[in-house]
Amino acid sequence: MRPLRLELTAFGPYKEKTVLDFKDLKNQNLFLVCGPTGSGKTTIFDAIAYALYDDASGESRSKDTFKSQFASDQDLCEVTFEFELKGEEYKIIRSPKQTGPGKRKGTVKNYESTVAFYNGDTVTTKIKDANEEITTLLSLSYNQFKQIVMLPQGEFKKLLESDSKNKEEIFRDIFRTELILSFQEILKKQASQLKKDAEHAEISLRAAYEYLIDIDDEQLINAMKLQDTESVLDRLDKLATNYSKKEASFLDSLKKNDHHLLILQGQVTEWEKYEILLLENKKLLAVTEDYQRIETELFDYQQGKICLEAKKQWQAAELENNQIQNQFIIEQEEKKKTGTLIQDLTDQFFNIEEEYKKLPQWRKEKEELKKQNEKILQLEQMEEEKLNLEKQKTDTKKTIESIEVQLVELKKNKEKWNAQSLEIRIAQESLWEKNEGKQLIQEQIKNVQNKEKDIQTLESLIEDLHNAIKEMKNSQINYEEKTNLLTEQRKLYNNNLAGILAADLEVDHPCPVCGSYEHPSLAQPILETPSDEQLEEMERSRETASHIYSKNSAVVASLKKQITTFENSLGFTIESLHSEKMKLSKRMDQESEKLQALEKELQSLQEMIVHFDKVQSKITTTAQEERDAELKNKELHTNILHQNNRIEVLESNKKNLLPEISNLDLEVVKKELTEWNNKITHIEKEYPEMRNKITELEKKLAGQISTISSLEKQVETTDQRVEQFHIEYQNKLDQAGFKENFEEELLSNQAAQQKEKDLIEFQDSVKINTQNLNTQKQLIDSYGNDMTLDHLELERRQVQEEKDSIEIQISMIRSLLQTIVKGQTSIKKIYKKMHGVLEKYQRVQRLSEIANGTSKETGRMSFERYVLAIYYEEIVKAANIRLQQMTADRYLLLRTEEKGKGIGAKGLELDVFDHYTGQTRSVKTLSGGESFKASLALALGLSDVMQSQSGGIQIDTLFIDEGFGTLDSESLDHAIQTLAELNARGRIVGVISHVDELKTRIPAHIEVTHTSEGSHARITV
C-alpha cells in the first residue's frame, strides 16, 4: 500500500481543508513530519488509519473526537485518502459521527458515520462491508497494521518488552492462529465436561444403590457396601428369578378364588333383586284406589276443555264486533273535520293567488333598486381608495427623506471600514515577519535546551564513571585476594600430596606411585590441607571475581568512550563544564526575554487581525446597504408618480357616476330592497304550499268515505257470527251436564298433565313388577330350598378375605421385582457409561494439558505458542540483521530459553546479548535509545516475515511516530541508514520527530504549523 493523496477537512487541529499530495515528494520516499508539539503531526497518521480501518493510529485517541475543535457546527469533518496497491488505485472517503449544519440556515442536526470506498467501478457505502473489503484488500487487520506499517506514539516498545501472554495476543492476530487456540479451548472444554460426566456417573451409581436399600437380602447388601457392581448385578438376577416363580404361584391361586367369588356374588345379587321386587309389589297394591279416582278426574277435565273452547270462540266474535263498531264512529268524525278544513284553505288560497299574479312587476322594481345600491357602493369605494392613496403618498415622502439621511451615514461608515481594513493588512504583513523572527528565536532556545540536556547527560555519565571506577577497583581487589588465596591453598595441597596418598593406601594393594605392596613408613597428612572440592570451589570463586572485574572494566571503558563522544559533540572538555553551563543559562535568559517581548507584539497584532473578517464583512454589508437604499429611493419616487395618476382617474370616474344615482342614502335603498326581497320570497313559498295542502286533504277525504262504507258491511257480518257461536256454546254445556260456573271445578292444565303422567307411570310399574317377580321366583327356586341370603353372604365374605390376602402378597412381590428390574437397568447403564467416560477423560485430559501448555512434559508451552515461537525465531533472526547494523554489532536479540517460575505463559520473552560484556540480559534493561533501535529492528523483522509468509501481503509503507529523540549522533546515523535501505528497496518511510538533526538528514518534509485558528500542513522538498 502506497499513499497517493490525503485530504483533511475539520479533522483534529486542521480546521480548513488540508491536502497532502504525496506525488509532491518527487520520489523522495523517505520524508519527515515536523512541527511544534501539539500542532497535529500524529493527526496525519490518525487520518490514514481512520480512513483505512475506521480507527485512530494509537490507543490514546478515539474516532468520536476527530472533529476539529476549531470548527463550528456548520462545518463537517471528513477524510479522503487515495492509495495504490499492486498497480491499482483506490479511494476512501470517511466522516465520523458528528453535529453538522441543518437544512435551514443557522440550524444543526446529528450526522451518523459514513464511508465511500471506491474500488474500480464499484462504490461501497456500508461501513461494515467497506471495512471488510479494505481489510481483505490489504491482507492486514487493524492490529497487524499498527505493528508492521504504522508504529504509533507510546506503543512503539510494546512488542519488544511485552511478556509471552501479550506477544501471544499480538501474534495471534498477525499470524491467524485463532484456529489453534480454538482447538485448545475445545480440548479444555471437552476435558472439563468429561470430568463432570465421570463425577456425575459415580454419583448416579451411588444413587442407584440407594434405590435397592429396601431389598432385605444379606448377599446384596454386602456387595453394595463393597461397591462390587458385578456381584450386585449377579445377585439381582437370582433374586428376580426367585420372585418371579412366587408371583406365578400366587396368581394361579388368585384366579381360582376370583371364579368362586364371582359365582357367589351372582347368587347374592339375584336374592337381593327378588326381595326388592316383593317390597315394590306391596307398595303398588297400597295406592291402587287413589289412581282410580285420578282416572275419573281426568275424564271430567277433557269434557270441560271442549266447553271452554266453545266459550272462547263466542267471546272472541263478540269482541271483534265491538271493535268494528267503534272504528266506524271514529271514521265518521274524521270525515267531518276534513271537509271543514278544505273549505277554510280554499278561501285563503283565493287571496294568495291574486298577489302571486303581481310577482313580475315586483321583481322588476327589485332589480332597479339593486342597481342603485351597486352604484352607491362603487362611489364609496372610489372615495376610500382616494383617501388611501393620499395617505400612502404622504408616507412615501417621509420614507424618501429617511433614506436620504441613511445614504449619508452609510457613505461615512464605508470610508471608516476601508481605513480599518488597510490597517489590518499592514498588521498581517508585520505578523508574518515577526512570526519568522519568533521561529528563529524558538530554534535558538531549542538548541540551548538540547545542549542543556546533553550537559545533564554528560554529568550523569561522569557520576556513573566515578561509581563504575570505584566498583572496578573493589572488584580488582577482590579478584587479587581470591587469586592469592588460591595460590597459597594449592601450594599447601601439593606439599601434603604424599600424606593424602598414604591415607588412601590399603593392605595387600600396590602403591599408585611405586607399585610396592609393603608400606613400612607412611607419610603423615597436614591437618589444614584443603580437599579437591574446596580447591574447585576456590577456583570457581576466583573465576566469578574475574568475570565481575572484566565486566566492571568494560563498563568503565564504555562510559569513558561515551563521555569522549559527548565532549566532541559539545565542543568542550569536562574541565570547562561549569563555565559552559553558566554561558548557556545566560543565553537562555536572553533568548527567553526576546521571545516574551516578541510574543506580546504578536498577540497585539493577532488581536487586530482577528477582526479582519469582521471588517471585510462590514465593508461588504455597508456597500450592499448603500445600493439597496439607492434602489429603494428610486422606487419610492416612481410610486408617488403612479399614485398622483390614480387619484386623477378616480376623480373623473366619480363625476361621471353621480348623475345616474337618484338617492344617495345607501341605508334607505338597502331597506327598500330588503322589503321587496321578503315580500317576493313569502308569495313564492306560500302559493305552492297552499295548493299542495288542498290537494292532499281532498285525497284524504275520498279515502275516509271508502273506509266508512267498508266498516258498515263488516258490522252486519260480525253480528251474525256472535249469535251462531253463542248457540253452540249452550249446546256443549248441556251435553256435559255442566253449569255456567263449571270452570271453577275443573283441574288446572298443569295438574291434569301431572296426574295423567302419574297414572301412566303407575300402570306401567304394575305390569313390569308382575313380570319380573314371576321370573325372579323361578331363578331363586333353582338354588335349592336350603339356600338363604344370609348363608350366601357369609360364604362370600370368607372367599373375599382369602383373595385380599393373596393380592397383598402379589403386590409385595411385584414391588420388589420392579425395584430389582429398575435398579438393574439403571446400574448397568451407568456402569457402562462410567467406564467409557473415564477412559475418554484420561485420554482427552492429557491432550488438553499438552495443547494448553499446563504439562511439564512440554515446559508449559502451549501448542499455539509453540507454532508462534517458530514464527518468532524467524522474526528475531530478521530483526538481528538490522539491530547489529544499528548498534555496530554490539547487541543481538535472543528468545528467552530459561523457564520462569509459576504456570503462566512461557516461550515468547526476549533477552539481549551484549558483545561488550559477553552477557545476556533482559531487553527491559536497555536504555531509551537502545530500546528504540531494538523496537525498530523487531518491527522491520516482523514486516519481512509477514511478507515472506503471506504472499498476498504487500507492505510498501512504514510510518514511525517519535523515538529518534533518544538516539545519540552515531545511533541516529545507523537508524537513518537502515531506513534509507528500506527506501532504496521501494518502501515509503514516514517519520514523526522533533529532532532538529533529522531536518538536515532527511530533505523531504511535511511541515506542520499551528495558529490560534487551527493547524496547516504542506510538503516541502
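**Reading a strand and its sheet**

A: Strand S15 is covered on both faces: Ile988, Gly990 and Ile992 on one side, and Val989 and Val991 on the other, are all buried. Buried means under 20% relative accessible area, exposed over 50%, and partly exposed in between, with a 1.4 Å probe and protein chains only. Strands (E, at least two residues) and helices (H or I, at least four) are DSSP runs, numbered from the N terminus. This is a predicted model, in which local features need pLDDT of at least 70, side-chain atom pairs count only at pLDDT 80 or more, and totals for chains, interfaces and linings use all residues. Residues are numbered from 1 along each chain as its sequence is written, and side-chain values use heavy atoms, with hydrogens and water left out.

Q: Why is S15 largely enclosed by the rest of the structure?

A: In a regular strand the side chains alternate between the two faces of the sheet. Here, five of the five residues of S15 are buried, so S15 is largely enclosed.

Q: Which strands pair with S15 in the parallel sense?

A: Two strands pair if DSSP finds at least two bridges between them. Strand S14 (residues 957-961) runs parallel to S15 (residues 988-992), joined by five bridges; S3 pairs with S15 in the parallel sense over four bridges. Gly990 is the bridge partner of Phe959, and Phe31 also stands opposite Gly990. Ile960 stands opposite Val991.

Q: What is the order of the strands in the open sheet?

A: The six strands follow the order S10-S14-S15-S3-S16-S17, with mixed pairing. Strands S10 (150-151) and S17 (1014-1020) stand at the edges, each with a single partner strand, so one side of each has no neighbour in the sheet.
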